[in-house]
Every structure is written in structure tokens, then in C-alpha cells.
Amino acid sequence: MTLAEDRERGLAEERQRPVLVGYGDDPYSWALEQAELLRDGRLDLIDAANLADEITTLVHYLADKLRSDLSRILQHLLEWDHQTEVRSRSWCLSITEHRRRVVEHLEGGPGLKSILPKLLAEAYRNGRRYALDETGLPQRAMPETCPYAWDEIMHRPIEWPETP
């Protein structure tokens with residue numbers, strides 16, 4: 001083997017060697033590197049404990065996003081039903097937008113449907129609290145448990161009259 005061939009072989013091996021970014025040093029780069037290692041089948045180099053924690057964090061993040069969008073829908077439905085004299089176009093737009101997001105969450109992560117009853121109960125508690133804070137109504141003005149069926153939450157017509 002010539003010196004040039006030996007040098008080229010050494011450079012090729014160096015390019016194959018992972019960088020192995022530390023999890024605590026740069027989580028973003030670490031995650032990208034872990035994904036590359038997984039795709040390349042280099043499981044011996046995977047940071048399994050931190051990767052498992054990150055996957056769990058991702059699952060909770062996805063559930064939190066769904067819960068948050070459901071909370072906003074429920075808040076505005078409660079406000080719509082309990083403050084008919086101050087209904088607003090922004091409530092209609094917010095309900096429409098958050099319904100769209102809920103559909104996206106469930107289409108992108110159908111497994112979220114398995115925890116939907118739990119998320120819905122939590123979302124109602126949050127939405128009720130937000131609605132009570134916004135309206136200034138007493139706690140007894142709004143039911144403690146969700147009065148809306150899923151179909152009503154997602155499909156009940158809430159329309160703002162168009163001006164001529």
C-alpha cells in the first residue's frame with residue numbers, strides 16, 4: 001500500500017467515525033446525530049437512555065398541543081354560550097382554527113385518540129378556568145364537567161353573521 005493510499009484510507013475512516021455530540025452540550029445537534037446513527041443502523045453508538053427520554057418528552061409534547069387546542073375551543077364555546085350579548089367574530093375564528101388544529105393532531109398521531117377522554121377532561125378544566133377568568137362570571141355559572149359531546153365540540157355551527 002502506498003503512502004497516498006494509506007492516507008486516503010485513514011481519511012475515509014475518519015469520515016465514518018461519528019462526532020458523538022453530548023446530549024447536554026447541544027440537544028439539537030445531538031438529536032440529529034442520534035437520528036443519523038439510527039438510520040445507519042449504528043445502534044452500538046446510540047445514547048439509548050437519553051433517546052428514550054426524548055421520545056417520551058415528544059409524546060407528552062404532542063398530547064399537550066392537542067390539550068391546548070381543545071382548551072381554547074372549549075373556552076370560546078363556554079364564552080359563546082354564557083355571554084351571548086358580547087359574542088365576537090374572534091371567538092368564531094378561534095374555534096374554527098383550533099378545530100382545524102385538533103383534526104391535524106389526530107390525523108398526524110392517531111394514537112392520541114386512545115387518551116382523548118383524559119385530554120378532553122383536562123382541556124375542559126383549563127378552558128373553563130380561562131373562560132371564567134375572561135368573563136368574570138362566578139364559578140357556578142359554568143358546569144364543572146364538560147357539557148359538550150365530541151361532535152358538538154368539533155362540529156357545532158358557530159358563525160358570525162356576515163355584514164352586507
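**Figure 1. The whole chain.** Of the 164 residues in the protein chain, 30% are buried (under 20% relative accessible area, with exposed meaning over 50% and partly exposed in between; 1.4 Å probe, protein chains only). This is a predicted model, in which local features need pLDDT of at least 70, side-chain atom pairs count only at pLDDT 80 or more, and totals for chains, interfaces and linings use all residues. Residues are numbered from 1 along each chain as its sequence is written, and side-chain values use heavy atoms, with hydrogens and water left out. You will find six helices and zero strands here, giving the pattern α-α-α-α-α-α along the sequence; helices (H or I, at least four residues) and strands (E, at least two) are DSSP runs, numbered from the N terminus. The accessible surface of the chain is about 11,100 Å², and carbon and sulfur atoms own 53% of that (Shrake-Rupley method, 1.4 Å probe; for residues, only the protein chains shown count as cover). Among contacts (heavy atoms within 4.5 Å) between residues at least 6 apart in sequence, 64% join residues at least 24 apart.

Figure 2. A search of the whole structure turns up two aromatic pairs. In this view, Tyr-23 and Trp-30 pair edge-to-face, at 4.7 Å centre to centre and 75° between the planes. For a pair, ring centres of Phe, Tyr and Trp (its six-membered ring) lie within 6.5 Å; planes under 30 degrees apart count as stacked, over 60 as edge-to-face and the rest as tilted. Trp-30 is buried at 2% relative accessible area, while Tyr-23 is partly exposed at 27%.

Figure 3. Trp-80 is buried, with 7% relative accessible area, and Trp-91 counts as buried at 10%.

Figure 4. Leu-58, Tyr-61 and Leu-62 make a nonpolar surface patch of about 300 Å². Patch residues have over 30% relative accessible area and no salt bridge; like charges are joined within 9 Å, and nonpolar side chains (Val, Leu, Ile, Met, Phe, Trp, Tyr) within 5 Å. A salt bridge is a side-chain nitrogen of Lys or Arg within 4 Å of a carboxyl oxygen of Asp or Glu. Tyr-61 belongs to helix H3 and counts as partly exposed at 48% relative accessibility.
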